[in-house]
Amino acid sequence: MTAINEVTDLRVENGIAILTLDSPPVNALSANVRTGLFEGIQAASQDDDARAIVLICAGRTFIAGADITEFGGKGPSGASLTDVQDAMQNAPKPVIAAIHGTALGGGLEVALCAHFRVAVPSARCGLPEVNLGLLPGAGGTQRLPRIVGVETALEMMTSGRHVPAKDCLALGLIDELVEEGGLEAGAV
């Protein structure tokens, strides 16, 4: 296992790169998380032993949105969210987002950049920024309609609703449900 930074580890097992985020309490998209994701995707992409990349989070949830402590201050540092999304979307190997807990706001927008998304049945996805008076600002307004259709995407963006994984599967937002407790194995 290689520590990318203090919140991100990368290991390759049986030809699959497992990129793990562990930034309690909710794996928010802080500078450390964004930089770890960016550098981890780059390292896995260049690793000849890795055929695919699984993005998974430790703790109680997938990425549950932006790090609001960065709002209004001196601004974000480290890799930008756009850099992370571009690295994932353009990775030369398939990237699989393994979702548990919630994938909300920027977290869902990161998952939308993965080539495939799997989730446990208890997971929920959503774009709740509207509850803060904001619209999704990291590509969700473009990527979500391409996957679930314009009407459903508009409803999700304007309601802030957290959509259960089973419904996400029916909408095509999730490619496969995997058993509770077997998220990493299911993603692999």
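Visitor: What should I keep in mind about the model and its numbering before I start?

Guide: This is a predicted model, in which local features need pLDDT of at least 70 and side-chain atom pairs count only at pLDDT 80 or more, while totals for chains, interfaces and linings use all residues. Residues are numbered from 1 along each chain as its sequence is written, and side-chain values use heavy atoms, with hydrogens and water left out.

Visitor: How are strands and their pairing defined, and in which sense do E1 and E2 pair?

Guide: Helices (H or I, at least four residues) and strands (E, at least two) are DSSP runs numbered from the N terminus, and two strands pair if DSSP finds at least two bridges between them. Here strand E1 (residues 2-5) pairs with strand E2 (residues 8-13) in the antiparallel sense over three bridges, and a hairpin of two residues joins E1 to E2. Thr2 has Leu10 of E2 as its bridge partner, and Leu10 in turn has Leu19 of E3 as a bridge partner.

Visitor: How many bridges join E2 to E3, and what lies between these strands?

Guide: Six bridges join E2 to strand E3 (residues 16-21), and the two run antiparallel. They form a hairpin with two residues between them, where Asn14 in the turn has a positive phi of about 50°.

Visitor: What is the strand order in the open sheet of three strands?

Guide: The order is E6-E8-E9, with mixed pairing. Strand E6 (102-104) and strand E9 (163-164) stand at the edges with a single partner strand each, so one side of each is left without a neighbour in the sheet. E6 runs parallel to strand E8 (residues 124-126), to which three bridges join it, and Ala103 stands opposite Cys125 in E8.

Visitor: How are two packed helices described?

Guide: They are described by the angle between their axes and the distance between the axes. Axes are lines fitted to C-alpha atoms, for helices over the stretch in contact, and angles run from 0 to 180 degrees between N-to-C directions. The axes of helix H1 (residues 31-46) and helix H2 (residues 81-89) come within 9 Å and cross at roughly 25°. That makes H1 roughly parallel to H2, given that angles under 35 degrees count as roughly parallel, over 145 as roughly antiparallel, 65 to 115 as roughly perpendicular and the rest as oblique.

Visitor: Which residues of H1 and H2 make the contact?

Guide: With contact meaning heavy atoms within 4.5 Å, Arg34, Leu37, Phe38 and Ile41 of H1 meet Leu81, Asp83, Val84, Ala87 and Met88 of H2. These residues divide into seven nonpolar, no polar and two charged, where Ala, Val, Leu, Ile, Met, Phe, Trp, Tyr, Cys and Pro count as nonpolar, Asp, Glu, Lys and Arg as charged, and the others, Gly among them, as polar.

Visitor: At what angle do H4 and H5 cross?

Guide: The axes of helix H4 (residues 140-148) and helix H5 (residues 150-159) come within 7 Å and cross at roughly 135°, which means that H4 is oblique to H5. Gly140, Thr141, Leu144, Pro145 and Val148 in H4 meet Val150, Thr152, Ala153, Met156 and Met157 in H5, and by class this contact has seven nonpolar, three polar and no charged residues.

Visitor: Where does Asn32 lie, and which residues is it in contact with?

Guide: Asn32 lies in helix H1 and, leaving aside neighbours within four places in sequence, is in contact with Asn5, Glu6, Val7 and Thr8. Asn32 and Val7 are 25 residues apart in sequence and 6.7 Å apart in space, C-alpha to C-alpha. At 33% relative accessibility, Asn32 counts as partly exposed, a class between buried (under 20% relative accessible area) and exposed (over 50%), with a 1.4 Å probe and protein chains only.
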